[in-house]
Amino acid sequence: MPSPAFIQVILPLRLEWEPYYALPEGVRVKVGDRVRVLFARKEYVGAVNAVDVKPQTEESRILPILGVEDNLPKVLPEEIRFWKAISDYYLCSVGEVYKAAYPALKLDQEEVEARVKERLEARLARLKEKEEKARRDDTRERYRAEIEAVEALLRGEKPAASTASISLTPTQETAAETARKAFADGKTVLLHGVTGSGKTEIYLQLAGETLAKGRSVLFLVPEIALSRQLEDRIATVFPDVQVFHSGVTAARRAQVAAHVRNTDACIVLGTRSALFLPHHNLGLIIVDEEHDTSYKQDAPAPRYNARESAIMLGVIQKANVILGSATPSLESLYNAETGRFVKVDLKKRFHAGEEAEIRIIDTVAERRKRGMTGSFSRKLLQEIRETLEAGEQVLVLRARRSYAPSVQCTECGEIPKCPHCHVPMSLHRGPDRLVCHYCGHTEPYTGQCPSCKGALQPLGAGTQKVEEELTALFPDRRIARLDGDTPDTEEAALIRQFAEGDIDILVGTQIITKGFDFDGLRLVAVLQADSLVGVQDFRADERAFQLLEQFRGRSGRRGTPGRIVIQTREPEHPVYARLSGGEGDTDLLAERKLFGYPPYTRLVHVTLKDSNEKRLDYLSKELRNTLLARLGEADTPPAVVGPYAPAIDRIAGESIRQIRVSFPRNKALTALKRTLAEAVSDFGRERKYTSHITLDVDPV
Ligand code: ADP
Ligand code: ZN
């Protein structure tokens, strides 16, 4: 009897190695084939990682595969290479990446086709509406051309390559040319351009060139909401653009994956998970708003950042990579400084408007002068009134959703906390309830203190309260709110209504600062900006600056200069000076260097969670000692800090401890990260504690 052939299979699990399986006689498989196997008595569909291998396990204990899944798509070798790169960098298993890339799903071909049709019909209806509303002939013609392209798609024909053409301004063309040269040198491009400078135009131009060469384009955005606005714009140039994010149905995602697999030159617009499509022949990856922390996946593993991962994918696919932002991350600025990236600047807006004027209002001083009405200073109210009277629109940012971020007993001073987390409960109205923003725990709000039955009083004002105040102050204006409580289904509609001028004042959380493009927006206001800058984190200033600068970019996009009004208790905070054109980035980088923070070091957070706090404290200290012993031998040993309790140290009934490991950025880095991962996994195995520990590389 001939000895069976052995293969290794990637399973959607946290394993440190790929298990071996035997092939029954007569069965042949190739790398990338999908096979059904048993592991620890459970059935999984895995991907073949290697064939004809010599097992390291005793052969008699190796199970045969249960079957080959011929109906499932095969995994491309490039995909497996990408998963390994992610697994190496982010210290997770290849199986965890596989699981993210191929979530188990069933799909029905008919359903798939019906959805595609539905989506195209919706786009057609939108376009027809726009065509009717268009005031200018050339605009109407542009919509007409698009309508024809969509109708062609609905008839099942291939669309023409391009319906609209792009013509860059000389400044934009110079920037594009610098980018092309950098690509030719194999460098990543960082496009640093103020809001409205035409970054999107440049992306589309480069995308067109890539498609014309017969290669594919991946266009990444941080948020679904942004992809909706961009979809229409990209579709005017590339009607066949495929959209991929967690908001589209599983069936639709499978369809996009099939399209990518079967097409040599396609364009995909998507959020971070679009990196895991079966790319091949990829020529260009665009990472728009590259500073955005939504690019980072927090949980589950792989805890990857799409920005760095796009660069890894670019290497594997031999694709050009362009990152763009009005407020680049310090990480990318550092990479530009060291010559790894080529930075291209665009300092002028296309519609020759001035940059938004900044006005800082000191709320402590205003309160003393009795100049505050609720959350608003008299000065800000005056600005709002003038803007509305001029027929223009206002955005109001308040970083906390809820009616009140917390409530307090007027008798005993107690602030009700979530029973599962160490955080105050927020008050939400309609129906009145207390909500924990960390675990979602909800209780009805009775207005009575749980301890002494005294009266509870709302503390501070969240978005809901701000909306209520504005409604009372401006009773005949249309006021709306957009925050985490807005249902996903209404989000797009609200954004559209605001864009079309059907809302006068929009109140919201950070979500409204993202790259939306609103013609009639003139004034943006930030309430309690202190909640943005006052966070105990070395990145807080970078974040606050990016947020405010992005928010500022929302106003006055067409010609007329906009205004940003910031209400704060700390008007002297350096972040506001940076906004007014200080050398913010260089300062921040110098500070990071001085204190040994990223990007000058690489951080890994080792997080431990346990419902048993005593055991947690004991084992986190033990782990710290293990790490010190295992990493301390190195020539340039990383710094190990902790274990410490993070700012919020109990979530959903589990206490949390963290150990922070910061590595010097040198040649030993990769090997040292490996050592850390091994030390943690050995510890987890020996103490039977694996499921309590996670590793987060480059945490945000
Ligand atoms: P960014 O992406 O940098 O914010 P956009 O590409 O969105 O900038 O450009 C801002 C506005 O200017 C958009 O409405 C865009 O259509 C217009 N625009 C920019 N460059 C051009 C160009 N070369 N030709 C026509 N319109 C342009
Ligand atoms: Zn909670």
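The model is predicted, so local features need pLDDT of at least 70 and side-chain atom pairs count only at pLDDT 80 or more, while totals for chains, interfaces and linings use all residues. Residues are numbered from 1 along each chain as its sequence is written, chains are lettered from A and ligands numbered from 1 in the order in which they are written, and side-chain values use heavy atoms, with hydrogens and water left out.

Start at the zinc ion (ligand 2). Its protein donors are the SG atoms of C418, C421, C436 and C439, at 2.2 to 2.3 Å. Donors here are N, O and S atoms within 2.8 Å of the metal (3.2 Å for Na, K and Ca); water is not among the atoms, so sites may look incomplete. Along the chain the donors follow the spacing C-x2-C-x14-C-x2-C. The four donor atoms subtend angles of 107 to 114 degrees, and therefore the arrangement is tetrahedral. The ideal angle for four tetrahedral donors is 109.5 degrees.

Buried means under 20% relative accessible area, exposed over 50%, and partly exposed in between (1.4 Å probe, protein chains only). C436 counts as buried because its relative accessibility is 1%. C439, at 29%, counts as partly exposed.

Now turn to charge pairs. Side chains of opposite charge can pair when their charged atoms come close. A salt bridge is a side-chain nitrogen of Lys or Arg within 4 Å of a carboxyl oxygen of Asp or Glu. By this rule the count is 44. One of them joins R233 to E201, at 2.9 Å from N to O. This pair links distant parts of the chain: R233 sits in helix α7 (residues 224-237) and E201 in helix α6 (residues 199-212), 32 residues apart. Helices (H or I, at least four residues) and strands (E, at least two) are DSSP runs, numbered from the N terminus. R233 is partly exposed at 31%, and E201 is partly exposed at 26%.

T200 is also found in helix α6. With a relative accessible area of 15%, T200 is buried. Beyond its neighbours within four places in sequence, T200 is in contact (heavy atoms within 4.5 Å) with L230 and R233.

Other salt bridges follow. R307 pairs with E308 at 2.8 Å between the closest N and O atoms, and both residues are buried. E467 meets R481 at 2.7 Å, N to O. E467 lies in helix α13 (residues 463-473) and R481 in strand β22 (residues 479-482), so the pair ties together parts 14 residues apart in sequence. Finally, salt bridges with shared partners join E16, R630, D682 and R685 into one network.

Definitions and conventions. Tetrahedral: all angles 85-135°; square planar, octahedral: opposite > 155°, others 65-115°.
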